[in-house]
Amino acid sequence: MTRILLAEDRDVPWEADARPLGLLAPVHDKAPVYYRLPDTPDGHHIKEYPSGLRQLVRFVGVEEQVVKYNLR
């Protein structure tokens, strides 16, 4: 069985894996995904959209604030 690698374990972390035919698209194909990397500042998250746009965000209470609009 093939083990699914997390972004931290991959050589090319932003390249999407091909999905086997017949499976439904995961929810993250429609909604942004939030994650942290080892060098992400404390209290911040990376928000990545299906289009590839990545933003640095933080949460103040329940409100999301964009700190940097486009990460490269």
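The strands of this model form an open sheet of four, in the order β1-β2-β3-β4, with antiparallel pairing. The edge strands are β1 and β4, each of which pairs on one side only. Averaged over the sheet, neighbouring strands are turned by 40° against each other, direction ignored; the axes behind that angle are lines fitted to C-alpha atoms (for helices, over the stretch in contact), and angles between N-to-C directions run from 0 to 180 degrees. The model is predicted, and its local features need pLDDT of at least 70, side-chain atom pairs count only at pLDDT 80 or more, and totals for chains, interfaces and linings use all residues. Residues are numbered from 1 along each chain as its sequence is written, and side-chain values use heavy atoms, with hydrogens and water left out.

As for the overall make-up, the protein chain has zero helices and four strands, so reading from the N terminus gives β-β-β-β (helices, H or I, of at least four residues and strands, E, of at least two are DSSP runs, numbered from the N terminus). Of its 72 residues, 15% count as buried; here buried means under 20% relative accessible area, exposed means over 50%, and partly exposed is in between, with a 1.4 Å probe and protein chains only. The chain exposes about 6,100 Å², and carbon and sulfur atoms supply 57% of that area (areas come from the Shrake-Rupley method with a 1.4 Å probe; for residues, only the protein chains shown count as cover). Looking at contacts between residues at least 6 apart in sequence, 9% join residues at least 24 apart, where contact means heavy atoms within 4.5 Å.

Now for the way the strands line up, going through the sheet pair by pair. Two strands count as paired if DSSP finds at least two bridges between them. Strands β1 and β2 pair in the antiparallel sense over three bridges. V33 lies in β1, which covers residues 33–35, and stands opposite E48 in β2. V33 itself is partly exposed, at 32% relative accessible area.

The next pair is β2 with β3 (residues 54–60), antiparallel over five bridges. H45 has V57 in β3 as its bridge partner. These two strands make a hairpin with five residues between them, and G52 in the turn has a positive phi of about 105°. Moving on, β3 and β4 also pair in the antiparallel sense, over five bridges. V57 turns up again here, with V66 in β4 as its bridge partner. This hairpin has two residues between its strands, and G61 in the turn shows a positive phi of about 65°. As a rule, in a regular strand the side chains alternate between the two faces of the sheet.

Side chains of opposite charge can pair when their charged atoms come close. The structure holds two salt bridges, a salt bridge being a side-chain nitrogen of Lys or Arg within 4 Å of a carboxyl oxygen of Asp or Glu. One of them links R36 and D42, with the closest N and O atoms 4.0 Å apart. R36 is partly exposed, at 33% relative accessible area, whereas D42 counts as exposed at 70%.

The other salt bridge joins the side chains of K47 and E64, at 2.8 Å from N to O. K47 sits in β2 (residues 44–48) and E64 in β4 (residues 63–68), so this pair ties together parts that are 17 residues apart in sequence. K47 is buried, with a relative accessible area of 9%, while E64 counts as partly exposed at 26%.

Leaving out residues up to four places away in sequence, K47 touches P32, V33, Y34, L53, R54, Q55, V57 and E64. As for V33, this residue and K47 are 14 residues apart in sequence, yet 5.6 Å apart in space, C-alpha to C-alpha.
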